Amino acid sequence: MTDSDPSSSASSSGAASVPLAALAGGAVRRVGAWTVGLSRDEPFAVDSRCRHQLADLSKGSVDADGCLVCPWHGARYDVRDGRMVQGPRGFFGYHGPSRGYRELVKGYARFLPLLRRATSVQGDRVVVDTSSKTGSQNDGTDGSAS
Ligand code: FES
């Protein structure tokens, strides 16, 4: 867990957590391989690689609609099912209008939704069940951000 946020913690039980306060204002944090945040006050954990050009989503943010926004080109994800709901605005070093490309990426990304992990709030921390195999492919059984 070398690239986790320093405020996150892990236990031998297969759970890791981050302080709720660290997720205020749309902030997200990395917990192991997972990007953790709050969407409409519900905790979520999704894998951290953008489906566009693999940016680290734990460097992104949650917008007013509760979507996870990629830090590189602004692709937006519905964390309830991991699907990209808006494609990127640009590619490589370019940031700007790219309508056809945006729709193309959104189209292929529907086959590669973000994986999810079960989460819960325990005291003042969001706990991620890092050992859970359930909910890893958007089957709606993990209870995260539903
Ligand atoms: S890498 Fe995420 S939108 Fe481009």
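**A walk through a predicted model**

Let's start with a sheet. Three strands make an open sheet, ordered β3-β4-β5, with antiparallel pairing. β3 (29-31) and β5 (42-47) stand at the edges, each with a single partner strand, so one side of each has no neighbour in the sheet. From one strand to the next, the twist averages 35 degrees.

Some ground rules. This is a predicted model: local features need pLDDT of at least 70, side-chain atom pairs count only at pLDDT 80 or more, and totals for chains, interfaces and linings use all residues. Residues are numbered from 1 along each chain as its sequence is written.

Now the terms. Helices (H or I, at least four residues) and strands (E, at least two) are DSSP runs, numbered from the N terminus. Two strands pair if DSSP finds at least two bridges between them.

The whole protein next. It has one helix and 13 strands. Along the sequence, the pattern reads β-β-β-β-β-β-β-β-β-β-β-α-β-β. Buried residues are 40% of the 146 residues. Buried means 20 or more other C-beta atoms within 10 Å of the residue's own; exposed means 12 or fewer; partly exposed is in between; C-beta atoms are placed from the backbone.

Three bridges join β3 to β4 (residues 34-39). Val31 has Trp34 of β4 as its bridge partner.

On to the hairpins. β8 (residues 76-78) and β9 run antiparallel, joined by three bridges. Arg76 stands opposite Gln86 in β9. Four residues sit between the two strands of this hairpin, and Gly82 in the turn has a positive phi of about 80 degrees.

β12 (residues 119-122) and β13 (residues 125-129) are also antiparallel, with four bridges. Here Val121 faces Val126 in β13. Two residues separate these strands, and Gly123 in the turn has a positive phi of about 65 degrees.

Which residues of helix α1 are buried? In α1 (residues 99-109), they are Arg102, Val105 and Ala109. They span an arc of only 70 degrees around the axis, so they lie on the same side of α1. That arc is taken from the directions from the helix axis to the C-beta atoms. In general, an α-helix has 3.6 residues a turn, so residues three or four places apart point the same way. The face turned away from the buried side carries exposed Arg99, Gly100, Glu103, Gly107 and Tyr108. The buried residues of α1 pack against β9 (83-86).

Now the core. A nonpolar core is a set of buried Ala, Val, Leu, Ile, Met, Phe, Trp, Tyr and Cys residues joined through C-beta atoms within 7 Å. The largest one has 30 residues, and those touching the most other members are Val31, Val36, Ala45, Val46, Leu68, Tyr77 and Val128. β2 (15-19), β4, β5, β7 (68-69), α1 and β13 each supply at least two residues of this core.

Take Leu68. Not counting residues up to four places away in sequence, its contacts include Val28, Val46, Leu57 and Tyr77. Contact means C-beta atoms, placed from the backbone, within 7 Å.

Last stop, Asp65. It lies in the loop between β6 (61-62) and β7. Is Asp65 buried or exposed? Asp65 is exposed, with 12 other C-beta atoms within 10 Å. Asp65 and Arg76 are 11 residues apart in sequence and 10.0 Å apart in space, C-alpha to C-alpha.

Methods. Two residues are in contact if their C-beta atoms, placed from the backbone, lie within 7 Å. Axes are lines fitted to C-alpha atoms, for helices over the stretch in contact, and angles run from 0 to 180 degrees between N-to-C directions.
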